[in-house]
Amino acid sequence: MKKNIFLYLFVFAALLALFQFVTGNNMQKALISDVKQLEQEVVKLEDSLQTMHLKVLDMQYFTLENNDDALAYYDHLNLENPSLYIQDKLLETNEQKGDNPLIPYEGMESDFKINKIKVLNHKWILADFSDGKYWGDLIIKYELKDDLSVDFTLSEHLLYALQDY
């Protein structure tokens with residue numbers, strides 16, 4: 001009788017060890033598969049990040065901050081960030097009551113104001129304007145003077161037609 005108990009105990013322990021071995025092996029295969037999948041995803045994300053970085057560099061090509069030749073025009077003024085200074089001066093034109101004086105259209109829903117600004121170089125600015133419903137783009141020529149005043153002259157303008165979707 002004692003022999004049978006040890007035999008059953010031995011068979012039970014062997015089955016338990018076999019079960020542990022099989023489930024551990026399956027778990028290890030599943031984890032290895034997950035790791036490989038995650039490694040492939042990391043490679044895809046790194047490629048995507050590299051692509052986005054190149055796009056950002058492309059978009060920054062036409063900016064005053066990345067144009068050393070254009071920045072050289074402002075060396076004598078000792079401005080820390082000429083582009084930001086020019087943007088601030090252009091946004092000050094929004095503070096006037098009514099439409100912005102650089103925008104050659106009258107606002108239909110409210111007053112037209114300049115929203116987004118991109119200083120291209122030491123002479124030109126691209127700007128976006130809107131009244132909340134209608135919008136358009138401007139090309140502005142500017143001159144930053146030695147007394148830090150800025151003269152803005154509208155070169156081109158475009159008002160988009162309202163689209164019905």
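## A close look at one loop

Author: Leaving aside neighbours within four places in sequence, Lys133 is in contact with Glu109 and Leu162, where contact means heavy atoms within 4.5 Å. Before we go on, please note that this is a predicted model, in which local features need pLDDT of at least 70 and side-chain atom pairs count only at pLDDT 80 or more, while totals for chains, interfaces and linings use all residues. Residues are numbered from 1 along each chain as its sequence is written, and side-chain values use heavy atoms, with hydrogens and water left out.

Where does Lys133 sit? Look in the loop between β2 and β3; strands (E, at least two residues) and helices (H or I, at least four) are DSSP runs numbered from the N terminus. Lys133 counts as partly exposed because its relative accessibility is 38%; with a 1.4 Å probe and protein chains only, buried means under 20%, exposed over 50%, and partly exposed in between. Along the chain, Lys133 and Met108 are 25 residues apart, yet their C-alpha atoms are separated by 8.2 Å.

Phe112 counts as buried because its relative accessibility is 0%. Who surrounds Phe112? Setting aside neighbours within four places in sequence, the contacts of Phe112 include Asp99, Asn100, Ile103, Tyr105, Glu106 and Gly107. Also among them are Phe129, Ser130, Asp131, Tyr134 and Leu159. Leu154 lies 42 residues from Phe112 in sequence, and their C-alpha atoms are 15 Å apart.

Ile140 is one of the residues with the most contacts inside the largest nonpolar core, which has 22 residues. A nonpolar core is a set of buried Ala, Val, Leu, Ile, Met, Phe, Trp, Tyr and Cys residues joined through side-chain atoms within 4.5 Å. Alongside Ile140, the residues with the most contacts inside this core are Ile86, Leu90, Ile114, Ile125, Tyr142 and Phe152. Which elements build the core? Helix α3 (82–92) and the strands β1 (113–119), β2 (124–130), β3 (135–144) and β4 (150–159) each supply at least two of its residues. β3 gives the most, with four.

Leu148 is found in the loop between β3 and β4, and has a positive phi of about 70° although it is not a glycine. Leu148 is partly exposed because its relative accessible area is 28%. Asn78, in the loop between α2 (68–71) and α3, likewise is not a glycine but has a positive phi, here about 55°. Asn78 counts as exposed because its relative accessibility is 70%.

What about charged pairs? Two salt bridges are counted, each a side-chain nitrogen of Lys or Arg within 4 Å of a carboxyl oxygen of Asp or Glu. In one, the side chains of Lys145 and Asp151 meet at 2.5 Å, N to O. Lys145 is partly exposed because its relative accessibility is 30%, and Asp151 is partly exposed because its relative accessible area is 34%. The side chains of Glu92 and Lys89 also meet in a salt bridge, at 3.9 Å, N to O. Both lie in helix α3, three residues apart, about one turn of the helix. Glu92 counts as partly exposed because its relative accessibility is 40%, and Lys89 because its own is 25%. From Glu92 to Ser110 there are 18 residues in sequence and 18 Å in space, C-alpha to C-alpha.

Finally, let's zoom out. The protein is divided into domain 1 (1–60) and domain 2 (64–160), with bounds from an automatic or database domain assignment. Taken over C-alpha atoms, the centres of domain 1 and domain 2 are separated by 57 Å. Helix α1 spans residues 2–59 and holds Leu15, which counts as exposed because its relative accessibility is 52%.
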